[in-house]
Amino acid sequence: MKKPYLLVILILLSLLSLFIGVRKVSFLDVLKLENAAIRTMVLSRIPRLISLILAGMGMSISGLIMQQLSQNKFVSPTTAGTIDSAQLGILFSLIIFPAASPLVKMLLSFFFALTGSFLFMFILRKIKLKNTVIIPLIGIMMASIIGSISNFFAYRYNLVQSLSSWMQGNFSMVIKGRYELLYISVPLVILAYFYTNQFTIAGMGEDFAFNLGLNYKTIVNMGISIVALISSLVVITVGRIPFLGLIIPNLISIYYGDNLRKNIIPTALAGAVFLLFSDILSRIIIYPYEIPISLTVGILGSIIFLYLLFRRKA
Amino acid sequence: MIEVKSVVKQYGRKRVLDNVSLKIEKGKITSFIGPNGAGKSTLLSIISRLIGKDGGQVYLDGELVDGIDCNSFARKLSILRQSNHLNVRLTVRELVSFGRFPYSEGKLRAEDLDHIERALEYTQLKEEADKYLDELSGGQRQRAFIAMVIAQDTEYILLDEPLNNLDVKHSVEIMKILRRLVGELGKTVVIVMHDINFASCYSDYIVAFNKGQIVKEGNVEEIINKDVLEDVYDTNFVVQDIMNRRICFYY
């Protein structure tokens with residue numbers, strides 16, 4: 001019942017996003033098919049909008065799948081080492097194949113993200129103490145270790161600046177020709193939708209899944225692969241976006257519960273809305289300049305996160 | 001019939017199940033009793049293939065369980081383990097619907113919906129059907145899990161301490177539901193039980209375990225008596241007939 005609201009907000013914010021920017025483009029200019037206006041739209045505004053929506057949906061769904069499969073509400077691609085591993089992968093591709101195409105870089109980054117996420121899931125299986133707080137803490141520690149490896153190599157190879165451009169999510173660099181890789185996340189999100197029941201069951205534990213005749217390992221492997229692929233796509237095109245995968249699924253679960261069939265679409269929409277809203281805010285606060293979206297998302301996200309924590313106690 | 005033939009399970013050097021053989025008949029409630037660490041739950045997990053075994057065979061209706069594929073197995077036998085404190089927010093109806101997963105793969109047909117309704121009716125959860133599991137009392141939640149197993153509609157239902165943490169009223173409710181399942185639907189129920197008196201009042205057949213072996217098995221009269229129980233639990237027992245039931249006093 002709340003779905004239409006989210007969709008309406010998404011459409012309104014999308015329109016707003018298209019008409020905000022240094023170059024003034026009015027709705028009328030576009031209607032009159034004025035050349036400059038169309039060019040701004042096609043080259044910059046529309047790519048930016050699409051990448052925001054795709055990244056928002058992708059990251060929030062990744063968080064949702066990750067939380068479900070790890071049975072922990074505080075796990076997300078940022079707290080499970082996925083994003084940091086993806087960054088390490090990009091760095092390696094810069095060092096080893098500096099001239100490689102974005103697709104090759106993405107594949108290497110995907111491979112690293114996959115390895116990192118499986119390492120996290122492996123550690124998760126090995127720890128005896130399955131405390132709600134310990135698990136994300138271990139994920140964050142693992143992410144920091146991987147991050148420091150990246151930093152070490154970035155220093156050695158003079159790539160600190162390149163690395164930091166992927167550390168901070170940024171949509172101002174998105175123009176036509178530099179974001180299209182993100183389209184690969186569309187079939188992945190659709191694939192995730194078809195497996196929602198399986199993910200929900202896997203989230204109730206291995207025994208539970210087995211009782212219902214489900215191959216637990218296959219489902220976990222598939223879920224993690226989807227998450228790793230989406231994460232590496234997002235990192236390589238727009239960079240790291242914190243908090244999104246953590247808070248959006250938690251927020252939506254309050255209203256829709258944890259049945260993925262029911263909450264995956266609201267989660268995707270809310271992720272896009274949140275990212276779009278943060279981006280609009282980043283573009284107008286110090287207009288005509290921009291603040292990095294990761295900063296806006298970080299501040300808004302941490303406020304929502306605190307709200308979620310206090311709500312839990314109450 | 002479930003047939004267990006000289007099953008062995010060991011962790012390191014410790015044998016938790018030592019050459020256990022057992023036949024579990026259809027259409028009955030069979031209870032596993034015995035002290036902690038006697039191997040009851042382990043055997044239940046091995047029968048249901050949740051954990052592997054280090055020796056022996058398990059047959060389900062004459063067929064080796066190891067060869068049955070996951071999905072067919074999930075239509076024949078269901079298992080509910082002790083700790084069902086899920087941190088997943090689902091409504092009762094959603095949980096019960098997942099019981100149909102082995103048949104429907106998520107797309108519920110009319111037949112599946114009938115099964116879900118019947119399971120909710122059996123467990124008297126119709127009014128709570130749209131509540132979230134974390135809004136229910138412990139007894140209602142346990143009933144919801146049993147409803148899921150009923151919807152799964154398997155011939156064999158294995159339950160590991162279903163009365164754990166439940167008060168008297170809820171325990172009796174659950175046992176009555178299980179009796180109806182056996183009486184009306186002809187299911188075969190196997191339960192690991194800690195409360196001997198519940199086992200005595202509701203079982204058709206009791207298997208007493210100790211130190212990884214079956215000490216004695218038989219109907220209620222054969223097992224619920226002073227000699228056998230003192231041997232199994234290493235505690236003094238007084239067993240009396242009260243209203244045609246065998247009741248143990250060991251406090």
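This briefing covers confidence, the chain contact, the nonpolar core and selected helices. The model is predicted. It scores ipTM 0.88 and pTM 0.90. Chain A and chain B touch, with 15 residues from chain A and 20 residues from chain B in the contact. The largest nonpolar core has 155 residues.

**Confidence**
- Chain B averages a pLDDT of 92.
- In chain B, 98% of the residues score at least 70.

**Contact between the chains**
- Chain B brings 20 residues to the contact, and chain A brings 15 residues.
- Four elements of chain B each supply at least two residues of the side that touches chain A: helix 2 (70-76), strand 6 (77-80), helix 3 (92-98) and helix 4 (101-104).
- Helix 2 of chain B gives the largest share of that side, four residues.
- By class, the side of chain B that touches chain A has twelve nonpolar, five polar and three charged residues.

**Nonpolar core**
- V96(B) and A147(B) have the most contacts inside the largest nonpolar core.
- Helix 3 (residues 35-70) of chain A gives the most to this core, with twelve residues.
- Leaving out residues up to four places away in sequence, V96(B) touches I116(B), A119(B), L120(B), A144(B), A147(B), M148(B) and A151(B).
- In soluble globular proteins, nonpolar side chains tend to be buried together.

**Helix 1 of chain B**
- Helix 1 of chain B spans residues 40-47 and is mostly covered.
- Eight of its eight residues are buried.
- The buried residues are K40(B), S41(B), T42(B), L43(B), L44(B), S45(B), I46(B) and I47(B).
- R49(B) follows helix 1 of chain B and has a positive phi, near 65°.

**Helices 5 and 6 of chain A**
- Helix 5 (residues 102-126) and helix 6 (residues 134-156) of chain A pack at an angle of about 140°.
- Their axes are 11 Å apart.
- The crossing of these two helices of chain A is right-handed.
- Helix 5 of chain A makes the contact through G116(A), F120(A), I123(A) and L124(A).
- Helix 6 of chain A makes the contact through I135(A), I138(A), G139(A), M142(A) and I146(A).
- The residues of this helix contact divide into seven nonpolar, two polar and no charged.
- An α-helix has 3.6 residues a turn, so residues three or four places apart point the same way.

Note on methods:
Residues numbered from 1 in each chain as written. Chains lettered and ligands numbered in written order. Predicted model: local features only at pLDDT ≥ 70, side-chain atom pairs only at ≥ 80, totals over all residues. Contact = placed C-beta atoms within 7 Å. Nonpolar A, V, L, I, M, F, W, Y, C, P; charged D, E, K, R; others polar. Buried ≥ 20, exposed ≤ 12 C-beta atoms within 10 Å, placed from the backbone. pLDDT = per-residue confidence, 0-100. Core = buried A, V, L, I, M, F, W, Y, C linked by C-beta atoms within 7 Å. Axes fitted to C-alpha atoms, helices over the stretch in contact; angles between N-to-C directions. Left-handed = near helix turned anticlockwise from the far one by under 90°.
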